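This briefing covers the salt bridges of one model. Have the structure open as you read.

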Amino acid sequence: MSVVGFAVGVTVTSVDTAPSPWEIDDPDFCDREEPLGGWLPARRSAAETAELLGQIVVAEAKLAALRAELVMDLAAARPAPDGRSPGGEQAGQVGPPGVSEFLPDELALIQNCSRTAAVTQLEHAEILTTRLPATHAELSLGRLDWARARAMAAEVAATGRDTDPAAIAGMETAVLPRAAELGARKLREAVRAELLARDAAAADRRREQRRRGADVTVRPVGDGMSEFRALLPHPEARACRDAADRHARAAKEAGDTRPLGMLRAGAAADLMLRPWDDTRPPVTAHLTVVAPLTALTPASFLAAGAPLPAAFTHAPAPVGEVDGEPITAAHLRELLAQLDAVGPGGLRAPTGGSLDIAITDAAGALLAVLGRTELERLARRGRPDHPATLCACPLPARPGPVDRYRPTPVQQRFLRARDRTCRHPGCTVRAGWADLDHVVAHAHGGQTSCQNLCCLCRRHHRLKTFAPDWTHTLDDDGVLTVITPSGVTRVSRPPGYRVLTEPPSPPPDPADDPPPF
């Protein structure tokens, strides 16, 4: 019996062509019993530290890609037996089809981790190497970090095996180019939205299955406290949390000095245990419907028998959104009906609430935010004499600049609809709790305009204002570029905004080649 040995070497190199100040002379330095950083200079500048941290991220990405390949190699070496093992029908399929049901147990022992962790790792390895090959390639080259690749794999895993492979491939093509710009949460939301847009039927089937599995549970956490959990459809869960939050903030404004989280928990309990108590203020919904312009116009072209403009072809179906969570069109209609927002007169604001229609272009850039009255006025000004061509009637544009420091209410409405959250890269604080900041300070000549304003939470507003050597720039479409003092650049795009790329041209027909070809 022969024994074959494998060795894995990882070399950390500089990302530029200059010689690295941390070149490793000792190839066996990992085997030495000393801290890994002992071979580095004792004093490092912030730029050197940032560069080294970036190199570590690249090395971790390459190792993660290699680990996925090795896990799949192990899976290939552990095929399932021809016959069903006793009790195997209860075990269920874990990992790729046709592998041994005991593979996760072996993988857990090899890596000295739990079986649950091994199952997750096996699942992600299969998805990356088979269903997300371009993502795996970017990971193996170190151009995509492991946290983001894992987030994409986790979202695909959540869809099960009934999602159309073409939908997964289309999602990867759409999301991967901007994956490095998004935080893990927003990346998962983008993956979810693209999968919904490309295979809404599968998403609706999964939603119905999970709805049937909804339940309420209690988990003790010690010291006489327990965690109350309710598994609900996302819009209902979000509405419940928002209701508790609004009651808690009302109590805070009334003078209650207890922490806000404690007030939320108390309000949630009161709403369930004392539903007859009418001393609390009513809670309603404030809806913003994001409607791509491409989703509003194709029907008129088709009804007139005219060819669909190229900008509207080969586009995924539009999806709705509730607090950043993408939902299918069917789910959106169901939600609007529950909120009493659909009636004989069409879409309208819930009782005591408000309704905005946010219109975006094909790239997802916000064009205008309209109330229902404004939308009706625009419809009455429509031109019925040219339905078969692109209407050139002007749509309401984004609000113009004003000669004052404080943004107007119309600007505030537009900017909060455009940004939805704090725009600092990776921050998810909702726009309703964020400040509207002049990217170029008003005192330094910056305009009070939508091209110079963005939402920043108080923490990141203070960072931009007071932290030295940070650079913030904003382009006309609301794309924010942030450069740290150590020279690291990050880009934050408005939610839903994407850079459009032209589809590849079809290969030429060989029959069209002139002789002698």
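A salt bridge here is a side-chain nitrogen of Lys or Arg within 4 Å of a carboxyl oxygen of Asp or Glu. By this rule the count comes to 27 salt bridges. The model is predicted. A few of the pairs are set out below.

**Within helix H10**
- Arg241 and Asp245 form a salt bridge, with an N to O distance of 3.7 Å.
- Both residues sit in helix H10 (residues 234–253). They are four residues apart, about one turn of the helix.
- Asp245 has a relative accessible area of 3%, so Asp245 is buried, the cut-off being under 20%.

**From helix H10 to a loop**
- Asp242 pairs with Arg430; their closest N and O atoms are 3.7 Å apart.
- This pair links distant parts of the chain, 188 residues apart. Asp242 is in helix H10, while Arg430 is in the loop between helix H16 (409–419) and strand E10 (435–438).
- Asp242 counts as buried, because its relative accessibility is 11%.
- Arg430 counts as partly exposed, because its relative accessibility is 29%.

- The salt bridge between Asp256 and Arg258 has its closest N and O atoms 2.8 Å apart.
- Asp256 is partly exposed at 23% relative accessibility. Arg258 is partly exposed too, with a relative accessible area of 40%.

Conventions
Residues numbered from 1 in each chain as written. Predicted model: local features only at pLDDT ≥ 70, side-chain atom pairs only at ≥ 80, totals over all residues. Heavy atoms only, no water. Helix = DSSP H or I, 4+ residues; strand = E, 2+ residues; numbered from the N terminus. Buried < 20%, exposed > 50% of the residue type's maximum accessible area, 1.4 Å probe, protein only.
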